[in-house]
Amino acid sequence: MPNYSFRCRSCGDTFEVNRPMAQSSDPASCPSGHDDTVKLLTTFATVGRGAAPTPATQPAGGGCCGGGGCC
């Protein structure tokens with residue numbers, strides 16, 4: 001079940017609520033009992049066990065003009 005983060009406008013407390021996605025927009029009361037809360041935008045990242053990123057390759061040919069000698 002997803003976690004949704006909220007912030008209480010009355011006391012400034014930030015808290016999380018576990019609920020089904022179908023109820024993601026429902027209002028939530030803060031742990032102190034205040035009802036004036038706002039849902040926060042949360043982000044997440046995933047980390048995989050895939051191959052390491054490959055380093056950027058330098059263009060072959062050497063020099064700024066690609067011919068070995070600069071202009």
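Trainee: How do you know that β1 and β2 count as paired strands?

Mentor: In this predicted model, 5 bridges join β1 to β2, which run antiparallel, and because pairing asks for at least two bridges, the two strands do pair. Within that pairing, Tyr-4 stands opposite Val-17 in β2.

Trainee: What makes β2 and β3 the edge strands of the sheet?

Mentor: The open sheet has 3 strands in the order β2-β1-β3, with antiparallel pairing, and β2 and β3 (37–39) each pair on one side only. From one strand to the next, the twist averages 35°.

Trainee: Why is Ser-5 called buried?

Mentor: Ser-5 has a relative accessible area of 12%, and buried means under 20%, so Ser-5 is buried. Ser-5 is found in strand β1 (residues 3–8), and beyond its neighbours within four places in sequence, Ser-5 is in contact with residues including Phe-15, Val-38 and Leu-40.

Trainee: What makes Tyr-4, Phe-6, Cys-8, Phe-15, Val-17, Ala-28 and Cys-30 a nonpolar core?

Mentor: Such a core is a set of buried residues of listed kinds, Ala, Val, Phe, Tyr and Cys among them, joined through side-chain atoms within 4.5 Å, and these 7 residues form the largest one. Both β1 and β2 (14–18) supply at least two of its residues, and the largest share, 3 residues, comes from β1.

Trainee: Which residues does Cys-8 touch, not counting those up to four places away in sequence?

Mentor: Cys-8 touches Asp-13, Phe-15, Cys-30, His-34, Asp-36 and Thr-37.

Notes: Residues are numbered from 1 along each chain as its sequence is written. This is a predicted model: local features need pLDDT of at least 70, side-chain atom pairs count only at pLDDT 80 or more; totals for chains, interfaces and linings use all residues. Side-chain values use heavy atoms; hydrogens and water are left out. Helices (H or I, at least four residues) and strands (E, at least two) are DSSP runs, numbered from the N terminus. Buried means under 20% relative accessible area, exposed over 50%, partly exposed in between (1.4 Å probe, protein chains only). Contact means heavy atoms within 4.5 Å. Axes are lines fitted to C-alpha atoms, for helices over the stretch in contact, and angles run from 0 to 180 degrees between N-to-C directions.
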